Amino acid sequence: MTGNEIESVRKSVPLVHCITNYVTVNDVANVVLACGGSPIMTDDTGEAAEIAAASGAVVLNIGTLNDRTVSAMQKAGKAANQNAVPVVFDPVGAGASALRNRTVEKLLAELDFTVIRGNLSEISFVAGIKARTRGVDAGEADRKNDAAAVARAAAKKYGCIVVVTGAEDVITDGEKLARVKNGVPEMSRVTGTGCMLSGMLGAYAAAAQDVFSAVVSAVAGMGIAGEIAYEKNGGAGTGSLRTGIIDALSRMDDETLGKRGRVTYEG
Amino acid sequence: MTGNEIESVRKSVPLVHCITNYVTVNDVANVVLACGGSPIMTDDTGEAAEIAAASGAVVLNIGTLNDRTVSAMQKAGKAANQNAVPVVFDPVGAGASALRNRTVEKLLAELDFTVIRGNLSEISFVAGIKARTRGVDAGEADRKNDAAAVARAAAKKYGCIVVVTGAEDVITDGEKLARVKNGVPEMSRVTGTGCMLSGMLGAYAAAAQDVFSAVVSAVAGMGIAGEIAYEKNGGAGTGSLRTGIIDALSRMDDETLGKRGRVTYEG
Amino acid sequence: MTGNEIESVRKSVPLVHCITNYVTVNDVANVVLACGGSPIMTDDTGEAAEIAAASGAVVLNIGTLNDRTVSAMQKAGKAANQNAVPVVFDPVGAGASALRNRTVEKLLAELDFTVIRGNLSEISFVAGIKARTRGVDAGEADRKNDAAAVARAAAKKYGCIVVVTGAEDVITDGEKLARVKNGVPEMSRVTGTGCMLSGMLGAYAAAAQDVFSAVVSAVAGMGIAGEIAYEKNGGAGTGSLRTGIIDALSRMDDETLGKRGRVTYEG
């Protein structure tokens, strides 16, 4: 967190090309707008490469994958790689089905990612550690894995920044590592807070001078938004919490981030 | 309503596999989370059977059907039937087009459903009674049909529990029948309250000891959530009503259900 | 604005068939309901023509176009044209990719539109004026074009009503022209306000005696809804603004429209 990362996104208004799932796509678009970016959510193979090449970042999320959208992800990812556009990967449900596993392996083999974000089960699969994902939430067994070790293994394997989100979030490039303790447990009862964060990571990576620092800011920012939303209207329920998270992200500034961020560094 | 059905869902956190429409999918996921389940919304044919077999319940909703998603519904439904996983069917717009009619007939012929939920027009079509559905809302002409008779006919024909939602909701297994008088008329101006209830029915069926009783609880619970949301912020408008329904579902407990449920039984 | 256009929609409850993008489809459905219509969002080629022919209006939006949905748009549009059902076209991202440009040209060549609505970049492309769209937002360079001239050129070229939305909205049939100055800048930070307006235009066109006047009312109504939402809860953020817009639309009446509408006419 360098103290001007939110301002950088708001000033540069990066175009963020998301190929994402249709469950949380509206929230992802609203979050990209809230944090200062300009979202475009197309997933057709006929324009994926062209749009990706013209974007500030590409975000690939396999939440509701199918043949057409995975093909669009391949095209968008390759075009981004060729044009030095950062690519964020959200391997939703890695470990939960053979199809997801094959798709994650294929995309990891073909594309260079700037940031990979998932829960502990998903990143365990990415790291090649035996994982049993149950649906799209982190599996009980996987919680025994050490998030920092799993994240470091994945980051080294793929030469990128890895984020494991959970009660405590871990961000690492394989060597240095940051832990973020912001957020409230109630966020896990709102669908798509992970997807929203992946969208934010695209906007922040596009605008960043220092991508690692920007990723830490985005992760802390999402947690702080959850805290602010819960403080303001926490008793109301999870519908209000969702609205409040987007509200807080749309009003977030670097000062709030600096004051409320609970970040520690290692390594 | 046995007094512990909500608690059962919250304790068991059933995985609910929904193949549903992209209009209301986000609300369905948030409602499944709000009532205590864990939603997974994939609709690809390459993993539908695997995910369904590992789930606590499967929910099939044809709101925005196409070849790929109907094929995924067939695979998911068969895998669920083979693994004794309960299946909820929401025949959105049955009677409104030849495609919907053929699809509903095909799914009814191939799969065993645990619960079928629709409005009076849709269930009239399921029961084989002449229906003229206009779009996805209940047709005027069909309102002359007696909901209880239509529901009983459909339940007997397919050997399952049938729910007809409307100003008064009817739940029947072909013999016994419950009427639920909860809810407010303004709920019909929020898109997807029916889809949300079908998602809930999946979570409740997965966790249930007695499926009929659990279905009655879910139906009453959705109506009570609408009442609470309307009492709290009814004058604000339909955007707030939608948020309030999810809020109320996320805070619902068996005591509230017992106190506010307006349920009568027959037969 | 004739003083009874909102009432006309609420009384006739027109069925509005939308083939639209999956990013904002839920908001579009809720807005159609909020303003008094009945939405049906199907995009399958197997029923597009049948549903369109039975509808009060058809709305085509290419925000997340693909082969299947464009084919459904062609079928729905032709059936609507054959049955004198008004068709609204929202050429999202026209100018942003070769695929979008080809698709827009194809649909403009094959179908008769009643209303075309877009931002200045999109309508510049429709009018055949060189445009450089960046993503789905209006490009900086295009802001130099005069919206009124661009809208008139497009309207004359296609013999329909054209709406260019922006800080000031312009509505023209090629000759007469209205300018609407309602709305708040913060609306551009909520995804899909343009898509929502296109959905409204379908409902208003379906119920209208005078389509031009009804379009002006819908455009002013959306802007007023943004103002009311912002006045009520503007400081909260963009999540609340979105909910507030739908709230305000669900409570809008012709009196409010008459009092708050900032409309001037030319030509």
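**Rings, strands and contacts**

Trainee: Let me start with one residue. Is A:Phe89 buried or exposed?

Mentor: A:Phe89 is buried, as its relative accessible area is 0%. Keep in mind that this is a predicted model.

Trainee: And A:Phe113, buried or exposed?

Mentor: A:Phe113 has a relative accessible area of 8%. The cut-off for buried is under 20%, so A:Phe113 counts as buried.

Trainee: How many aromatic pairs are there over all chains?

Mentor: The count over all chains is 3. One of them is formed by A:Phe89 and A:Phe113, with ring centres 4.5 Å apart. Their planes are at 10°, so this pair is stacked.

Trainee: What about C:Phe89 and C:Phe113, how far apart are their ring centres?

Mentor: The centres of C:Phe89 and C:Phe113 are 4.5 Å apart. With the planes at 10°, that pair is stacked too. C:Phe89 belongs to strand S4 (residues 87-90) of chain C, while C:Phe113 is in the loop between helix H5 (98-110) and strand S5 (115-118) of chain C, so the pair ties together parts 24 residues apart in sequence. C:Phe89 is buried at 0% relative accessibility, and C:Phe113 is buried at 8%.

Trainee: Which strands does S1(A) pair with?

Mentor: S1(A) is joined by 3 bridges to strand S2 of chain A, residues 38-40, and the two run parallel. In that pairing A:Val16 has A:Pro39 as its bridge partner. Between S1(A) and S2(A) the chain passes through helix H2 (residues 25-34) of chain A, in a right-handed β-α-β crossover. S1(A) also pairs with strand S3 (residues 57-61) of chain A, in the parallel sense over 4 bridges. There the bridge partner of A:Val16 is A:Ala57.

Trainee: Over to chain B. Are the faces of S4(B) covered or open?

Mentor: Both faces of S4(B) are covered. B:Val87 and B:Phe89 are buried on one side, and B:Val88 and B:Asp90 are buried on the other.

Trainee: What is the phi of A:Ala84?

Mentor: Phi of A:Ala84 is near 55°, a positive value in a residue that is not glycine. A:Ala84 lies in the loop between helix H4 (67-82) and S4 of chain A, and is exposed at 71% relative accessible area. B:Ala84 likewise has a positive phi of about 55°, and counts as exposed at 69%.

Trainee: How much area is buried between chain B and chain A?

Mentor: About 2300 Å², of which carbon and sulfur atoms give 45%. B:Asn26, B:Leu33 and B:Glu47 lose the most area in chain B, together 19% of what that side buries. The contact takes 32 residues from chain B and 29 from chain A.

Trainee: Last one: where is C:Cys195, and what is it in contact with?

Mentor: C:Cys195 is in helix H8 (residues 193-207) of chain C and is buried, at 10% relative accessible area. Beyond its neighbours within four places in sequence, C:Cys195 is in contact with residues including C:Asn21, C:Asp90 and C:Arg117.

How values were computed:
Residues numbered from 1 in each chain as written. Chains lettered and ligands numbered in written order. Predicted model: local features only at pLDDT ≥ 70, side-chain atom pairs only at ≥ 80, totals over all residues. Heavy atoms only, no water. Pairing = 2+ DSSP bridges. Right-handed = clockwise from strand over helix to strand, strands pointing away. Phe/Tyr/Trp six-rings, centres within 6.5 Å; stacked < 30°, edge-to-face > 60°. Buried < 20%, exposed > 50% of the residue type's maximum accessible area, 1.4 Å probe, protein only. Contact = heavy atoms within 4.5 Å. Buried area = accessible area lost by both parts, 1.4 Å probe.
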